[in-house]
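The sequence and structure come before the details.

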Amino acid sequence: MKILALSGDGIGPEVTREALRVLHAADKRFGLGLSYSEALIGGAAIDVHGVPLPESTLTAAREADAVLLGAVGGPRWDGIERSLRPERGLLAIRAALGLFANLRPAILYPQLAAASALKPEVVSGLDILIVRELTGGIYFGEPRGIRVRADGEREGFNTDVYSESEIRRIGRVAFEAARKRGKRLCSVDKANVLEVTVLWREVMDALAPSYPDVELSHMYVDNAAMQLVRAPRQFDVVVTGNLFGDILSDAAAMLTGSIGMLPSASLDEKGKGLYEPVHGSAPDIAGQGKANPLAAILSAAMLLRYSGGMGEAATAIEQAVGRVLDAGLRTGDIHTAGTRLADTSTMGEAVCAALT
Ligand code: IPM
Ligand code: MG
């Protein structure tokens, strides 16, 4: 399997380095036959090529079997024109590769219950999967822009649009995922206000009879945000559009103690994917060895499972992460009384050791 590493900006390179080390260790133990290449994305690509997603990077991504991404963006590129910002590179690669299905698991490792902002009894045993539509909705809808009205005032506008087929294909991914888990699917919308989500709800309802073993429910997004922090264990799989999924997955991340723990997979219709930690580039701690590499490492595990069909190696990595937490090692974001503070590479090394 050919893996393309796009480490990007900020803490991206630090955490990707640890994820690659863990992949090497997994390859050594299981004989996976992995090969690697690297390319630039985000600010790192802007500095060299002047654009956040160079053609050469896109070609490399198309040739690879899977992409492992770090993070993009940082204050250094904030002054750049909007269409050339680092984040555009990420959005462009998602669109160009057709990565419409974004899987964001939020799992609470029992060792981290004390690190969650919520009471341990509210979050213990938490295991949610957020399925976010990633290539449609208001993120990509046209028309969009900032224009000057006849009266001289400027106005900004975007379009939230979903076709039936776009809703159906993300719905199928979510139903299939629910089928393999707790068999409960909650579709999140704003059907009391937005027509685009009235259609969303209709299409989800129409899919339900094909999955009689899965219980489908609907929830408005404002209520879902509240329920996530009130009683998060009521959720099994959540399916929602691009913008709501962006917001709810950050909220769900914090339930698990730290966004530094959360991996994600973005898949196309054939299961080819891009894997990235949910946390961003965290420029404030970049280059200091403070970043938590576990989200990147767990993203590498998802890569083996979803794009490589290497479930055994993926599970071994996840178990190794559990063992490192058992041993009391913590980066700053998950550090609590009685545990041992570790830097980024110590954490990665420990996962490799636990794996072999
Ligand atoms: C995410 C991020 C991105 C998004 C940004 C960096 C464009 O927040 O992956 O959740 O909004 O999708
Ligand atoms: Mg986000």
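## Contacts of ligand 1

A polar side-chain atom of Tyr 139 lies 2.5 Å from an oxygen atom of ligand 1. A polar contact here is a pair of N or O atoms within 3.5 Å. The protein covers 75% of the 320 Å² of accessible area that ligand 1 has on its own (Shrake-Rupley method, 1.4 Å probe).

This is a predicted model, in which local features need pLDDT of at least 70 and side-chain atom pairs pLDDT 80 or more, while totals for chains, interfaces and linings use all residues. Residues are numbered from 1 along each chain as written, ligands are numbered from 1 and chains lettered from A in the order written, and side-chain values use heavy atoms, without hydrogens and water.

## The shell and its pocket

Glu 87, Arg 94, Arg 104, Arg 132, Tyr 139 and Asp 246 surround ligand 1 (a heavy atom within 4 Å). By class, the shell holds 1 nonpolar, no polar and 5 charged residues, with Tyr counted as nonpolar and Asp, Glu and Arg as charged. Domain 1 (1–109 + 259–356) and domain 2 (127–255) each supply at least three residues of this shell; the bounds come from an automatic or database domain assignment.

Ligand 1 sits in the second largest pocket, with more than half of its atoms within 2 Å of the pocket's grid points. A pocket is an open set of points on a 1 Å grid over the protein atoms alone, with protein on both sides within 12 Å along at least five of seven lines.

Notes: A polar contact is a pair of N or O atoms within 3.5 Å; within protein, one must be able to donate a hydrogen and the other to accept it, and residues adjacent in sequence count only if both atoms are side-chain atoms. On a 1 Å grid over the protein atoms alone, a cavity is a set of points where a 1.4 Å probe fits but cannot get out, and a pocket is an open set with protein on both sides within 12 Å along at least five of seven lines; lining residues have an atom within 4 Å of a point.
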